[in-house]
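Here are a few friendly notes to read alongside the structure.

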Amino acid sequence: MFEFSYPWLFLLLPLPLLLRRKTQQQGSPLTHKALIKASSQGSGLVSKAPRSVKTLMALLCWCFLVLAATQPKWLGETVTLPQQGRDLMLALDLSGSMAISDMQHQGQSIDRLQAVKLVVSDFIQKRKGDRIGLILFGDAAYQQTPLTYDLTTIQTMLDEAVRGLVGERTAIGEAIGLAVKRLNTYETSNKVLILLSDGANTAGVIQPMEALQLAKAAGVKVYTVGVGAEQMVQQSIFGRQLINPSQDLDEALLTRIAEETGGKYFRARDLAELAQIYKLLDQLEPIERDQISYRPQQSLLHWPLLAALFCSVLLALGQIRWSGRLNNVG
């Protein structure tokens with residue numbers, strides 16, 4: 001069906017007729033003797049000039065311009081798209097311990113934050129149809145992005161996250177509390193938080209157990225990921241020593257938070273395990289969202305513009321031809 005974006009502009013159609021009528025009532029502007037004389041000399045040609053055709057072409061040109069101004073368009077049949085996806089809030093630890101280089105990638109040692117970025121980036125790119133939000137936490141927790149379908153922005157914010165950006169300590173309780181608060185602003189049946197940390201709660205005004213109760217009350221399911229290798233060779237003045245770089249990881253806390261909210265705790269000792277964890281998270285049950293309906297539109301603006309151009313060209317050619325005849329007679 002046809003539709004006009006600005007149908008009220010059709011009120012401008014009679015404007016030329018109104019202006020012409022007003023001009024006729026005020027009298028002809030040809031009052032100068034020389035103009036009257038010139039007009040009388042060319043009266044024979046004037047009578048022959050196709051005034052009615054010129055007037056018609058001018059009116060058609062105006063009508064087509066008004067029609068173009070209303071922005072006509074053709075609307076197709078309504079198309080309904082079923083929406084299915086997940087709502088995932090990612091909470092990423094940026095504390096000082098994320099700088100420990102106990103991860104291996106392509107034969108080289110990389111720090112924990114680099115490893116997380118590699119895996120999470122791939123996870124984000126596969127989230128077509130999902131809404132993702134990003135929370136960064138250290139001494140405190142901050143929301144970088146709300147839940148959004150804009151995966152490019154999420155990726156950009158993740159790339160720009162640097163260790164120590166929000167402090168050197170670990171506020172696990174605040175990260176969960178902030179995620180619960182943000183997820184509560186959305187009407188969704190699968191509020192999911194994926195929290196990734198390599199330590200224990202050492203900062204923040206909200207304690208983890210308080211945050212746990214908030215998550216349970218809000219129906220937020222928390223999946224926790226403990227990052228860090230269990231063995232690492234360290235060079236010291238006494239030679240090479242085998243140490244546990246993840247001795248500060250509070251696995252008991254992360255496990256309890258996950259289990260009591262209906263989620264699951266994962267241990268990521270290397271990139272392979274971390275990647276496998278996110279593959280398992282891919283299996284989270286999506287939700288049905290409100291269907292999106294739209295009608296395909298096709299603009300018809302160019303057709304009346306072409307018609308107006310055609311009429312104006314014919315009018316100009318006719319005017320040039322008529323003026324040439326007047327000059328020949330003169």
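1. **A term to start with.** A salt bridge here is a side-chain nitrogen of Lys or Arg within 4 Å of a carboxyl oxygen of Asp or Glu. Arg112 and Asp102 make such a pair, with their closest N and O atoms 2.9 Å apart. Arg112 sits in helix 5 and Asp102 in the loop between strand 4 (87-93) and strand 5, so this pair ties together parts that are 10 residues apart in sequence. Helices (H or I, at least four residues) and strands (E, at least two) are DSSP runs, numbered from the N terminus.

2. **What you are looking at.** This is a predicted model, in which local features need pLDDT of at least 70 and side-chain atom pairs count only at pLDDT 80 or more, while totals for chains, interfaces and linings use all residues. Residues are numbered from 1 along each chain as its sequence is written, and side-chain values use heavy atoms, leaving out hydrogens and water.

3. **Confidence.** pLDDT is the predictor's confidence in each residue, from 0 to 100. The protein chain averages 81, and 82% of the residues score at least 70. Over residues 30-49 the pLDDT is below 50, and this stretch has 11 contacts in the model beyond near neighbours in sequence (a contact means heavy atoms within 4.5 Å).

4. **Overall build.** The protein chain has 11 helices and 15 strands. Of its 330 residues, 39% are buried; buried means under 20% relative accessible area, exposed over 50%, and partly exposed in between (1.4 Å probe, protein chains only). Among contacts with a separation of 6 or more, 80% are between residues 24 or more positions apart.

5. **More on the charged pairs.** How many salt bridges does a search of the whole structure find? The count is 13. In the pair from point 1, Arg112 is buried at 0% relative accessible area, and Asp102 is buried too, at 9%. Asp122 and Lys126 form another salt bridge, with closest N and O atoms 3.2 Å apart; here Asp122 is partly exposed at 41% and Lys126 is partly exposed at 45%.

6. Glu260 and Lys216 meet in a salt bridge of 3.3 Å, N to O. Glu260 is in helix 9 (residues 251-260) and Lys216 in helix 8 (residues 208-218), so to speak of sequence, they are 44 residues apart and link distant parts of the chain. Glu260 is partly exposed at 31%, as is Lys216 at 38%. Elsewhere, salt bridges that share partners join Asp102, Arg112 and Asp198 into one network.

7. **Helix 10.** Which residues of helix 10 (residues 271-281) are buried? They are Leu271, Leu274, Ile277, Tyr278 and Leu281. Seen down the helix axis, these buried residues fall within an arc of 120°, so they line one face of helix 10; the arc is that of the directions from the helix axis to the C-beta atoms. Their cover includes helix 5 (112-125), strand 9 (191-197) and strand 10 (221-227).

8. **A nonpolar patch.** Trp303, Leu306, Leu309, Phe310, Val313, Leu314, Leu317 and Ile320 make a nonpolar surface patch of about 840 Å². Patches are made of residues with over 30% relative accessible area and no salt bridge, joining like charges within 9 Å and nonpolar side chains (Val, Leu, Ile, Met, Phe, Trp, Tyr) within 5 Å. Leu314 belongs to helix 11 (residues 302-329) and is partly exposed at 37%.

Note on methods: Areas by Shrake-Rupley, 256 points an atom, 1.4 Å probe, with all protein chains shown as cover.
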